[in-house]
Amino acid sequence: MTLQRSCFSGLRGTGLLVLFTLLVLQLGAEARRIVAVGDLHGDYEQSVSVLRLTNLVDNNTHWIGEDAFLVQLGDILDVGPDDIKIVKLLMRLQKEAQARGGDVVELLGNHELRNFRGDYTAVDQASLAANGGKEGRDTLLSNATAVGTYLRTRKAIFHYGPFLFMHGGFSTATASMITSLKRVEDFNAELTQALMNGTISPLASDGLDLAEDDVEDVGNPILVRSILNVKCDELAKVLKKKFPGIDFVVVGHVPHDPRDFNGWRLCNGRLIDIDFGMSRWKKGDPGHVAALEIEEATWHTQLIETSTAIGPIATDDVAASDAVTAHHLLRLSMLIVGVVLLAFLIAYCVPFRSAIEQEPLLDWPATTYGAA
């Protein structure tokens, strides 16, 4: 009987191990997605195409992304005719996403800042006229309207896990201005104060500075042109020294060749540039869109891309890091070991149980039963 109890205790323990492993695998399968999208520049159709590509919206542009996070890296305004229409779409999607545990995070780009200071030279002229000309756009983008308040309260930098998202990038000059994750939050808060009520701190003043007289000295993370003036060795040192735990900086601002999206991972993967020049008013091809997808459980990143509006979706997978690969192998190993142990114990215990059941419970003479 002791052997029988040990046998079935082993079965129960192994069964629990298998169930636990399956739970871990299931949790990994249901990990939150973070989808990052670069500059959209007034192209509503391309914007909707990339949201559909990443399964964030349905054919009626309603949120179906569950608890996913959409991070848009700024520069929605200007160039194309539908910039305000895109802003209003993201405002609605943010409410729908938050109701399901997700979120829409739109960041500030340099074109948003240009508009706040009344520089409408890059605004589509038909769009400008439709909004009442310069005075009408001034009002629309002021802190007296829902659209203006929404845009003026967007963050410049978004921190999530080992990622920092921003429009421009992190140069050496940026690192002397924003020296920690705490300063990232200070930068966001002080920039919002400046845009909403005119309270301009030294840090906010740096965030509003759009001067590019010397590209090497640009420190504003909204304006830094990462491909041009970020030195990979210095970026690695800055992240290690001042931003422990941050492994990746995701940026837009400097577009790739709109017909070739390769080369989006720079500096050994630390710098990820996802401005693919998707707007057709920036030489983008209709239907050729792409977005960065991140899996929260492992921080695995991949580029999701489609070449035409009617063509198949092509996924450009990026090999996971050694840590991510080890994580997957560990989960698989746990499952294999658990299943093998369970199979072994079943093979051993079932015959044992059958033999036990065939034996009489008591081997006493029949005369011991009945009344005396």
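Student: Which residues in H9 are buried?
Tutor: In H9 they are Val-184, Asp-186, Phe-187, Asn-188, Leu-191, Thr-192, Ala-194 and Leu-195. Buried is under 20% relative accessible area, exposed is over 50%, and partly exposed is in between (1.4 Å probe, protein chains only). This is a predicted model, where local features need pLDDT of at least 70, side-chain atom pairs count only at pLDDT 80 or more, and totals for chains, interfaces and linings use all residues. Residues are numbered from 1 along each chain as its sequence is written, and side-chain values use heavy atoms, with hydrogens and water left out.

Student: What covers those buried residues of H9?
Tutor: The cover includes helices H4 (110–116), H7 (146–152), H8 (172–177) and H10 (202–208), along with strand E4 (157–160). Helices (H or I, at least four residues) and strands (E, at least two) are DSSP runs, numbered from the N terminus.

Student: How far apart are the end C-alpha atoms of H9?
Tutor: They are 25 Å apart, which agrees with the 24 Å that its 17 residues (181–197) should span at 1.5 Å a residue. That expected span is 1.5 Å times one less than the number of residues. After H9 comes Gly-198, with a positive phi near 80°.

Student: Which residue forms a salt bridge with Asp-186?
Tutor: Lys-182 does, with the closest N and O atoms 2.9 Å apart. A salt bridge puts a side-chain nitrogen of Lys or Arg within 4 Å of a carboxyl oxygen of Asp or Glu. Both residues lie in H9, 4 residues apart, about one turn of the helix. Asp-186 counts as buried at 18% relative accessibility, whereas Lys-182 counts as exposed at 55%.

Student: How many salt bridges does the structure hold?
Tutor: It holds 11. Among them, Glu-96 pairs with Arg-92 at 2.9 Å between the closest N and O atoms, and both lie in helix H3 (residues 83–98), 4 residues apart. Lys-134 pairs with Asp-138 at 3.3 Å, about one helical turn apart in helix H6 (residues 133–140). Lys-134 is partly exposed at 48%, and Asp-138 is partly exposed at 31%. There's also a salt-bridge network linking Asp-43, Glu-45 and Arg-280.

Student: What does Asp-43 cap?
Tutor: The N-terminal end of H2, with a side-chain oxygen 3.3 Å from the backbone nitrogen of Glu-45. In helix H2 (residues 44–53), 7 of the 10 residues are buried, so the helix is largely enclosed by the rest of the structure. Just after H2, Asn-55 takes a positive phi of about 60°.

Student: Switching to strands, how does E9 pair with E10?
Tutor: Antiparallel, over 7 bridges, with E10 covering residues 300–306. Pairing takes at least two DSSP bridges between the strands. Ala-291 has Ile-304 in E10 as its bridge partner. The hairpin has 4 residues between the strands, and Trp-299 there has a positive phi near 60°. E9 also runs antiparallel to strand E1 (residues 33–37), joined by 4 bridges, with Glu-293 in E9 as the partner of Val-35.

Student: Why is E9 largely enclosed?
Tutor: Because 6 of the 7 residues of E9 (residues 289–295) are buried.

Student: And what does Tyr-160 contact, beyond four places in sequence?
Tutor: Arg-32, Ile-34, Phe-69, Phe-165, Glu-296 and Trp-299, where contact means heavy atoms within 4.5 Å. Glu-296 is 136 residues from Tyr-160 in sequence and 9.5 Å away in space, C-alpha to C-alpha. Tyr-160 sits in strand E4 and is buried at 13% relative accessible area.

Conventions. Polar contact = N/O pair within 3.5 Å; in protein donor to acceptor, adjacent residues only side chain to side chain.
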